Amino acid sequence: NIKIAGHTDNIGSEKYNLNLSKRRAKSVYDKLIEFGVNKEQLSYIGFGFLDPIGDNDSKEGRSLNRRTEIIYD
């Protein structure tokens, strides 16, 4: 099973970023299905800005936080 997790930086509201992260993850989900991956093996989730890997106080850190992760279960 494959989980696709979308993330954002902290610019904008929590609601906006949660929606953005879900759309980001869903776009990867849709593309994987288009490439032939069985959708029964896929799921997606958005985390907004709740799980940063970089410093949201710098341009470089915010760039790191705008990401999509593939998690294999």
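This is a predicted model: local features need pLDDT of at least 70, side-chain atom pairs count only at pLDDT 80 or more; totals for chains, interfaces and linings use all residues.
Which residues does Asn 56 touch, if we leave out residues up to four places away in sequence? Keep that one in mind, and I'll come back to it once we've walked through the rest.

Okay, the overall layout. The protein has two helices and three strands. Starting from the N terminus, they come in the order β-α-β-α-β. The exposed surface comes to about 4,900 Å², with carbon and sulfur atoms supplying 52% of it.

On charge, we have 12 positive and 11 negative side chains, and the centres of those two sets sit 6 Å apart. And on contacts: take those with a separation of 6 or more, and 67% of them are between residues 24 or more positions apart.

Now let's go inside. The largest nonpolar core has five residues: Ile 2, Ile 4, Ala 25, Tyr 29 and Leu 42. Two elements give two or more residues to this core, namely strand 1, which is 2-6, and helix 1, which is 14-34. As background, nonpolar side chains in soluble globular proteins tend to be buried together. Have a look at Leu 42 in particular. Setting aside its sequence neighbours up to four places away, Leu 42 touches Ile 2, Ile 4 and Tyr 29, and also Leu 32, Ile 33 and Val 37.

Helix 1 deserves a moment. From first C-alpha to last, its 21 residues reach 30 Å, close to the 30 Å expected at 1.5 Å a residue. Which of its residues are buried? Those are Asn 17, Leu 20, Ser 21, Ala 25 and Tyr 29.

Still on helix 1, find Lys 26. Its relative accessibility is 33%, so Lys 26 counts as partly exposed. Go 20 residues along the chain from Lys 26 and you get to Gly 46, with 8.7 Å between the two C-alpha atoms. And just after the helix ends, Gly 36 takes a positive phi of about 105°.

Next, the loops. His 7 is in the one between strand 1 and helix 1. Is His 7 buried or exposed? Buried, because its relative accessibility is 1%. Look at what His 7 touches, again skipping residues up to four places away: Ser 21 and Arg 24, then Phe 47, Gly 48 and Asp 51, and then Asn 65, Arg 66, Arg 67 and Glu 69.

You'll find Phe 47 in the loop between strand 2 and helix 2. With a relative accessible area of 30%, Phe 47 is partly exposed. Beyond four places in sequence, Phe 47 touches Ala 5, Gly 6, His 7, Leu 18 and Ser 21. Phe 47 and Ala 25 are 22 residues apart in sequence, and their C-alpha atoms are 9.6 Å apart in space.

Pro 52 is in the loop between strand 2 and helix 2, where helix 2 is 59-65. Pro 52 is partly exposed, at 41% relative accessibility.

Why does Asn 56 count as buried? Because its relative accessibility is 13%, and buried means under 20%. Asn 56 touches Asp 9, Asn 10, Arg 62 and Asn 65, once residues up to four places away are left out. For scale, Asn 56 and Tyr 16 are 40 residues apart along the chain, with 16 Å between their C-alpha atoms.

That's the tour.

How values were computed. Residues are numbered from 1 along each chain as its sequence is written. Side-chain values use heavy atoms; hydrogens and water are left out. A nonpolar core is a set of buried Ala, Val, Leu, Ile, Met, Phe, Trp, Tyr and Cys residues joined through side-chain atoms within 4.5 Å. Buried means under 20% relative accessible area, exposed over 50%, partly exposed in between (1.4 Å probe, protein chains only). Helices (H or I, at least four residues) and strands (E, at least two) are DSSP runs, numbered from the N terminus. Contact means heavy atoms within 4.5 Å. Accessible areas come from the Shrake-Rupley method with a 1.4 Å probe; for residues, only the protein chains shown count as cover. Lys and Arg count as positive and Asp and Glu as negative; His and the chain ends are not counted. The place of a charge is taken as NZ of Lys, CZ of Arg, CG of Asp or CD of Glu. The expected span of a helix is 1.5 Å times one less than its number of residues.
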